[in-house]
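Work through the exercises below with the structure at hand. Try each task before reading its solution.

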Amino acid sequence: MDIEEYTATTNLGLLRWVAWAQRKAGDDWVKSRELSPEQAFVLGYLAKSPGAIQRDIAEMTRTSAASVSSLLQGLERRDLIERRTENGDERRKRVYATPGGIELISGFDEAMIAADETILAPLDQSERDTLHALLTKITSALPRPSR
């Protein structure tokens, strides 16, 4: 069985296909704003956690400090974030999304709700309820994803 056949014929393959469609919708929305998924993720994090320090961003994104520094430099060049020193200590900077950065990513949640609606469009409400109940049952036995 090749990967295409697996995806189209097994339950988990079909779930992966659904997840792929949802992720593609998110990636397309992000790309339309000329952002990488990582940049959009960091902007979203900073919108909810203004004043984060670079180390927190590295931990949250599970990347190195050098990778975060490079990512932040790109956002800073576009005036989407700003770094501010804390109490004159150049080694300790807090990172904030600018109003332009927040505006650029606003609407993502609504875009993902619309994508979910498109994906689930073939199902009536009763089928959606059944799908939700089955997925809830399956996921209740799985470990929770960590950030």
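The exercises cover helix packing and then pockets in this predicted model.

**Exercise 1. Describe how helix α2 packs against helix α7.**

Solution. 
- Step 1: Find the helices. α2 spans residues 11–31, and α7 spans residues 108–120.
- Step 2: The angle is about 145°, and the axes lie 10 Å apart.
- Step 3: The crossing of α2 past α7 is right-handed.
- Step 4: List the partners. From α2 come V18, A21, Q22, A25, G26, W29 and V30. From α7 come F108, A111, M112, A115, D116 and I119.
- Step 5: Sort them by class. Ten residues of this contact are nonpolar, two are polar and one is charged.

**Exercise 2. Work out how α4 is oriented relative to α5, and which residues meet.**

Solution. 
- Step 1: Locate the pair. α4 covers residues 54–61, while α5 covers residues 65–77.
- Step 2: Read the angle. It is about 105°, with 9 Å between the axes.
- Step 3: Classify it. Angles of 65 to 115 degrees count as roughly perpendicular, so α4 is roughly perpendicular to α5.
- Step 4: Name the contacts. Q54, I57, A58 and T61 of α4 touch A65, V68, S69 and L72 of α5.
- Step 5: Count the classes. The contact has five nonpolar residues, three polar ones and no charged ones.

**Exercise 3. Which helix gives the most to the lining of the largest pocket?**

Solution. 
- Step 1: Start with the volume. The largest pocket has about 950 Å³.
- Step 2: Look at its lining. There are 27 lining residues, and P37, A40, F41, G44 and F108 lie nearest the centre.
- Step 3: Find the contributors. α2, α3 (37–48), α4 and α7 each supply at least two lining residues.
- Step 4: α3 gives the most, with nine residues.
- Step 5: The lining holds twelve nonpolar, eight polar and seven charged residues.

**Exercise 4. Which helix gives the most to the lining of the second largest pocket?**

Solution. 
- Step 1: Note the volume. The second largest pocket has about 580 Å³.
- Step 2: Go to the lining. It has 15 residues, with L14, L15, V18, L131 and L135 closest to the centre.
- Step 3: List the elements. α2, α7 and α8 (125–140) each give two or more residues to this lining.
- Step 4: α2 gives the most, with seven residues.
- Step 5: Eleven lining residues are nonpolar, three are polar and one is charged.
- Step 6: Link back to Exercise 1. V18 is among the α2 residues that meet α7, and V18 is also one of the residues closest to the centre of this second largest pocket.

Technical notes: Residues numbered from 1 in each chain as written. Predicted model: local features only at pLDDT ≥ 70, side-chain atom pairs only at ≥ 80, totals over all residues. Heavy atoms only, no water. Axes fitted to C-alpha atoms, helices over the stretch in contact; angles between N-to-C directions. Helix = DSSP H or I, 4+ residues; strand = E, 2+ residues; numbered from the N terminus. Left-handed = near helix turned anticlockwise from the far one by under 90°. Contact = heavy atoms within 4.5 Å. Nonpolar A, V, L, I, M, F, W, Y, C, P; charged D, E, K, R; others polar. Parallel < 35°, antiparallel > 145°, perpendicular 65-115°, else oblique. 1 Å grid on protein atoms, 1.4 Å probe; cavity = no way out; pocket = protein on both sides within 12 Å on 5 of 7 lines; lining within 4 Å. Points joined across faces, edges and corners; volume = space filled by probe spheres on them.
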